[in-house]
Each structure stands twice: as structure tokens, then as C-alpha cells.
Amino acid sequence: MQGDVAGTSDWPEAGFPGVRINPVSLLPEIVNDDACRAALAQSTDPADSIFVLIVEGHAAEAAEQLAEARFRDPESFRLRAFEAEVLRVSHRPDRALELFRQLLAEVHGTDREALVLQYMGKVQYTAGHIAAAVEAFARALDLRVAQSADAAQIYSSTVALQRARDVLDLAC
């Protein structure tokens, strides 16, 4: 993506223009503000704005917009996942994991299971539960490969799993 911050072109995609996953923190970061802002300006999906607020660490604003969006669409899978992400950004990983476990039970056996596992792994990783993160990322990767998922999703899971394994190895 032209205009990305130098050295980020090999970072996994985060699913929104101008945003990529930092392979060290395993968190999304805006690497091309112009692309991100242009995509937001064209978007009619409130989840896009909520996602960018989460990436920027604006938990209170994201929570406010999320409440409005969930009122209009209470069953939205994406918005329900973002609810847990707002908790992660708010430094409440236990509550975030609880919500992701609920989502995981609901989507078990579907194509969304890998995505929830990936989110769970990220929360576990950022909370310092590295062994649990390795397990979640490994399961997400296995499911994505078995489902012949998009190459970007497989790459994201591969990078996350490798980083979590590296951190776990250093801890031992």
C-alpha cells in the first residue's frame, strides 16, 4: 500500500485500508492515515468508525458509537466482537475473554470460529497469557488452512502464532 509507514509492508492486513497488524504487539495500527481517513469518509458502516476508534485506543468514543450501533443491529457479529475489543482497549481483558468465549460457543463449527479464536489469542497475548494465546492462534491457523481461507487471514494467523511462540520460548 503506497504511503505506508516504512517497514510495514510485510505486516499482516487488518481488514481496513491503511491499517495493519504490528507483528510485535499483534495489535492493529494505522500505517497510512490518508488511506484510512479516505476509507472512513466513504464508508456508511458504523462498524468501520468503531474499528478505527479501537485501533486508535479511543475506548470511550468507540463504546459510545458501539452502543448506538448495537441498538440498531443487536445481532451483528462484528459489533459483538468489537464490544469485546473495546473491553480489551479499556484494559479489561478478563471481560473481553469472557465475551469472546460466549461468541466462540455460538460460532463453533462455522467459518467465524477461526476469527473469534484469533481475537481471543490477541487478548490473551496482550494480557500476558502467552501459552493460551499460542493455543488460540494455532487453532485459528488450523481452521483457516482447513477452510482454505483468504491468504491474508492465514498469514495473519501464522505471524501471530510465530510471535506468541517466540515470546513463550523466551519466557522458558
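The expected span of a helix is 1.5 Å times one less than its number of residues, a definition used in the first of these legends to a predicted model.

View A. Just after helix 4, His-91 adopts a positive phi of about 65 degrees.

**View B. The packing of helix 4 against helix 5.** Helix 4 (residues 77-89) and helix 5 (residues 93-107) have axes 7 Å apart and pack at an angle of about 160 degrees; since angles over 145 degrees count as roughly antiparallel, the two helices are therefore described as roughly antiparallel to each other. Helix 4 passes helix 5 in a left-handed crossing. On the side of helix 4 the contact is made by Phe-77, Arg-80, Ala-81, Glu-83, Ala-84, Glu-85, Leu-87 and Arg-88, and on the side of helix 5 by Pro-93, Arg-95, Ala-96, Leu-99, Phe-100, Leu-103, Glu-106 and Val-107. Sorted by class, this contact has 10 nonpolar and six charged residues, with no polar ones.

**View C. The packing of helix 1 against helix 2.** The axes of helix 1 (residues 33-42) and helix 2 (residues 46-56) come within 9 Å and cross at roughly 150 degrees, and the two helices are therefore roughly antiparallel to each other. Helix 1 contributes Cys-36, Arg-37 and Leu-40 to the contact, whereas helix 2 contributes Asp-48, Ser-49, Val-52 and Glu-56. By class, the contact of helix 1 with helix 2 has three nonpolar, one polar and three charged residues.

View D. With a relative accessible area of 11%, Gln-118 is buried, because buried means under 20% relative accessible area. When its neighbours within four places in sequence are left aside, Gln-118 is in contact with Phe-137, Ala-140 and Arg-144, and also with Ser-156, Ser-157 and Ala-160.

How values were computed
Residues are numbered from 1 along each chain as its sequence is written. This is a predicted model: local features need pLDDT of at least 70, side-chain atom pairs count only at pLDDT 80 or more; totals for chains, interfaces and linings use all residues. Side-chain values use heavy atoms; hydrogens and water are left out. Axes are lines fitted to C-alpha atoms, for helices over the stretch in contact, and angles run from 0 to 180 degrees between N-to-C directions. Helices (H or I, at least four residues) and strands (E, at least two) are DSSP runs, numbered from the N terminus. Angles under 35 degrees count as roughly parallel, over 145 as roughly antiparallel, 65 to 115 as roughly perpendicular and the rest as oblique. Contact means heavy atoms within 4.5 Å. Ala, Val, Leu, Ile, Met, Phe, Trp, Tyr, Cys and Pro count as nonpolar, Asp, Glu, Lys and Arg as charged, and the others, Gly among them, as polar. A crossing is left-handed if the near helix is turned anticlockwise from the far one by less than a right angle, and right-handed if clockwise. Buried means under 20% relative accessible area, exposed over 50%, partly exposed in between (1.4 Å probe, protein chains only).
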